[in-house]
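Have a look at the model below, and then let's go through it in questions and answers.

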Amino acid sequence: MGERKVFAGGEFLTADIAAADMFVPERFTEEHRMIFKTASDFIKKEVVPNLERIEQQDGEVICGLLRKAGEIGLNGTDVPVEYGGLDLDKVGTCVVAEAVGNGFSFAVTHANHTGISTMPIVLFGTEDQKKKYLPKLTSGEWMGAYCLTEPNAGSDALNSRTKAVLSEDGTHYVLNGEKIFITNSAWAESFIVYAKVDGEKFTGFIVERSYPGISTGPEEKKMGIKGSSTRPVVFQDCKVPVENVLLEVGQGHKVAFNALNIGRYKMGAFALGGCKTSIAEAVKYADNRIQFGRPIGSFGLIKKKLAEMSIRTYMSESLTYRVAAMIEDRLATLDAAERKSGPQNAAVMEEYAAECSICKVYGSECLDFCVDEWVQTLGGYGYCEEFMAERAYRDSRINRIFEGTNEINRLLIPGTFFKRAMQRRLPLLQAAQQAALEAEEEGAFSPPLEDPHFGREKALLRLFKNTTLLTMALAAKNFAAKLAEEQETVAMLADMAIEIFALESGLLRAENVLREEGPDKAEHYLAAVRAYAADTAPQMVNWAEQVMAHVSDDEGDAGIRRVLGRIRAVQPVDSVALKRSIADRVREFQRYPFGT
Ligand SMILES: Cc1cc2nc3c(=O)[nH]c(=O)nc-3n(C[C@H](O)[C@H](O)[C@H](O)COP(=O)(O)OP(=O)(O)OC[C@H]3O[C@@H](n4cnc5c(N)ncnc54)[C@H](O)[C@@H]3O)c2cc1C
């Protein structure tokens, strides 16, 4: 890393990005591969054999597994070495998350523990807090929990009613209130808790289970991830020493939202593990199940499933590791002192807040798609507990709800772009003006069709970006300050940005593979990118047309209509044949066919 150009958050919309400037999983280092194998072996050998006991919430097994994970370094991938961690690069932490993602409920326990329940201390803890808590959390001696949600503060997290009042002698805060849906609460020893000091200043605290006045309520009976603990946590005159305030009084929002940024891009990686398992299990079944005298895997509609699961997973993988490397590349621009500073690290993550949300939304929806198609491939057996697909289907659903619902994350994506444009950090307006000029040009837009491999897809990507920029400008101009009230439009703008980021990530990765490994190795990458671009084109047209119909501004529409005309004029590809070729690859490899 370090030789790639460093891009600003959101710049993928306004700039042309070269393939050489994107990290691809084909460039995993030996260290990445080793840690992946360590984490995968741990899940296969230690977690999977215990799935039934985990599902029964056997605390001894679950806490024991967390300690074992700690012994081999899996709890401290983001923790500095001096506090017992491995301090891996962000790609490495995602590699571990992907492997652990196959651990069903244990993956949720682990993700919560290592992410939002540990990272606030890594980023914002004092030296004493780090020394006291991080070694325990990293070794797995202690499990962590993260208490943000309350009955009246879900998506609206800052609407907290939990109150903290400084004691008369100034030595501690007294907390009163109730948190709900708290993962790991049955077994956690440390809790990151948010409360309002004097009912006003939203503040983060580290609370130990041994402090007087903290208790947990009954377990929620959930649809899935039944082996993870989810309880209310109640604070009744709970005494928390003043030295356990995180960052500063009134700065809790920084702690809470920065922790979520990390949770979001890593969720993309956690979801990948499940996507790849869905594909491997679905193809194994499809090639053994005989109906009408043939394996069902030889039928076009089953092939379509295998191909589409693989294509979406390919995009998800490409974009997730791209974001991890973007964060790492920007961290590499910090000097040694800045690199050690938690708030500086958090600021780098915040730069890519929209990309982190894209990882979360795309990853969780890709996983839902894959587990659904896994169930469907198994037919009636897929619906029965005896097969893993049933559990995976139920377990997957939560990912669209926690770490910020996908609705909230969708709203955040264009919201971040518009805010950056106002702050002159992202040249959205200038890029929209350039797109308008290109739309004005006579004749068909001349794409880089001379590129024999990716000409059509590069042309489409450019047209998608121009469509999105013009549609964003149209919405911003017409709704101005009221845009936030136009959520349906904002969500469509988010979808346009998400699909651009996905397609571009897949395309640039395929270009890298083509250049470094040659056309034979790159053939199915090309097929995936072509099929995905073809599937995305009508969606782009549809979103833009819906926004135009809602806004009804003829003047603003004209440029967009010209771009949409050019998208429609791009020669179609034979998506059916492309997807069949990918499915053939899946059947040949008996697994997800991309990567190494
Ligand atoms: C199994 C599980 C584990 C969890 N673990 C934790 C944890 O460890 N720590 C923690 O703090 N929390 C945790 N949560 C809570 C989780 O983060 C919240 O459930 C989530 O943030 C949504 O809040 P809510 O449930 O109150 O839903 P609401 O906020 O009431 O949302 C309900 C619906 O309304 C939509 N909505 C809300 N506001 C808007 C808006 N402004 N515009 C458009 N749509 C909107 C939402 O997208 C959603 O579809 C967990 C939840 C579950 C179920």
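A residue is buried if 20 or more other C-beta atoms lie within 10 Å of its own, exposed if 12 or fewer, and partly exposed in between, with C-beta atoms placed from the backbone. This is a predicted model, so local features need pLDDT of at least 70 and side-chain atom pairs count only at pLDDT 80 or more, while totals for chains, interfaces and linings use all residues. Residues are numbered from 1 along each chain as its sequence is written.

Q: Which helices do the buried residues of α19 pack against?
A: Helices here are DSSP runs (H or I, at least four residues) and strands are too (E, at least two), numbered from the N terminus. α19 covers residues 554–569, and its buried residues include D557, G559 and R566. They pack against α16 (428–440), α17 (455–479) and α18.

Q: What span is expected for α19 at 1.5 Å a residue?
A: The expected span is 1.5 Å times one less than the number of residues. α19 has 16 residues, and its first and last C-alpha atoms are 22 Å apart, close to the expected 22 Å.

Q: Which residues touch the most other members of the largest nonpolar core?
A: Such a core is a set of buried Ala, Val, Leu, Ile, Met, Phe, Trp, Tyr and Cys residues joined through C-beta atoms within 7 Å. There are 191 residues in this one, and α18 (residues 487–551) gives the largest share, 30 residues. The residues touching the most other members are C147 and L306.

Q: Which helix supplies the largest share of the side of domain 1 that touches domain 3?
A: By an automatic or database domain assignment, domain 1 is 11–143 and domain 3 is 253–407. Counting contacts as C-beta atoms, placed from the backbone, within 7 Å, 25 residues of domain 1 meet 28 residues of domain 3. α5 (90–100), α6 (104–114) and α7 (119–124) each supply at least two residues of that side of domain 1. The largest share, eight residues, comes from α5.

Q: In which sense, parallel or antiparallel, do β2 and β4 pair?
A: Strands pair if DSSP finds at least two bridges between them. β2 (residues 163–166) joins β3 (residues 172–183) over four antiparallel bridges. With β4 (residues 190–197), β2 has two bridges, and A164 has V197 as its bridge partner. The sense of the β2 and β4 pairing is parallel.

Q: Which residue in the turn between β2 and β3 has a positive phi?
A: β2 and β3 form a hairpin, with five residues between them. At about 75 degrees, the positive phi belongs to G170.

Technical notes: Two residues are in contact if their C-beta atoms, placed from the backbone, lie within 7 Å.
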